[in-house]
Amino acid sequence: MAVPRGCLLRLLAVAVFLAFLCCRGEAAVRELKVGYYAETCPEAEDIVRETMARARAREARSVASVMRLQFHDCFVNGCDGSVLMDATPTMPGEKEALSNIDSLRSFEVVDEIKEALEERCPGVVSCADIVIMAARDAVVLTGGPNWEVRLGRDDSLTASQEDSDNIMPSPRANASSLIRLFAGLNLSVTDLVALSGSHSIGEARCFSIVFRLYNQSGSGRPDPHMDAAYRRALEALCPKGGNEEVTGGLDATPRVFDNQYFKDLVALRGFLNSDQTLFSDNARTRRVVKQFSKNQDAFFRAFIEGMIKMGELQNPRKGEIRRNCRVANCSPVAPRVVDI
């Protein structure tokens, strides 16, 4: 039976209105608390840690890569899982931002965690909270401190490549610019140095350091703030004109979360310019680097405090609990992409 044209128009209007309700954003800051899922998904934190442990067993580097996602998520419009979203024809994703493309990785670990949680507690645990829990577990599983995480975040409805490009620092950043960036997020100099200690685990690409080795600040010479023996080792790893996708450890113990990172900075053996600058270029950050190089417990305490403060950064716009961390619920579901 034919449907009258007027009815069709009314149905279309209803459909458009419902889509608007699905995707619109309104001001709303969620109250975060420890044990947020105690009643709705009591096994959530166990599921996250168990999945992270399996990922680490498959590839040791993966947990450090997952931890890095918290920084790249929270710094751009708050901790809202936007960094996990795939690009669409109408939305350039943050994965393609300058500081993220060909760099952020291990999104498939978050997918695995989300699938396990959806099987146990469908529609309950946000992707943004998964990133927070997984980052904590990356530290614990590599020998670092444990802490209670405050949860209850929404997932964003969109991502912003432009905002990521405008906010996230490059590997060439100096201490002064990093201090300004962190201050804009109400994070102190101590927070900056402690959170930079996340580079106690993980690796980075030769792409991020070739300028330090061969053309620091356009000089045609290497960074003078680099131990000579360490520079020779990096030149062997990353020869001029070589494969810039090769990776090296961010400190001398890249599989163990400890204070070796700070000892390396004092010895002028920092991998990234944005790391070494904390010791070599600024008296305020140098003082904290020296402290942490001598006192691992002080580093651990400051790192926990910094991670909690960073985790409090929120997107004020209304969100949702995504069923798939890569797409908003009101978007067509894109095929899963496996990151290698």
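Since the model is predicted, local features need pLDDT of at least 70 and side-chain atom pairs count only at pLDDT 80 or more, while totals for chains, interfaces and linings use all residues. Residues are numbered from 1 along each chain as its sequence is written, and side-chain values use heavy atoms, with hydrogens and water left out.

A pocket here is an open set of points on a 1 Å grid over the protein atoms alone, where a 1.4 Å probe fits, with protein on both sides within 12 Å along at least five of seven lines. Its lining (residues with an atom within 4 Å of a point) takes in 42 residues, with R68, H72, P169, P171 and L272 nearest the centre. Helix α3 gives the largest share, six residues; helices are DSSP runs of H or I, at least four residues long. By class, the lining has 21 nonpolar, twelve polar and nine charged residues. Domain 1 (33–167) and domain 2 (175–310) both contribute to this lining, so the largest pocket lies between them; the domain bounds come from an automatic or database assignment.

K95 is buried, at 11% relative accessible area (buried means under 20%, using a 1.4 Å probe and protein chains only). Beyond its neighbours within four places in sequence, K95 is in contact (heavy atoms within 4.5 Å) with residues including L84, D86, F107 and R326.

Conventions: Helix = DSSP H or I, 4+ residues; strand = E, 2+ residues; numbered from the N terminus. Nonpolar A, V, L, I, M, F, W, Y, C, P; charged D, E, K, R; others polar. Buried < 20%, exposed > 50% of the residue type's maximum accessible area, 1.4 Å probe, protein only.
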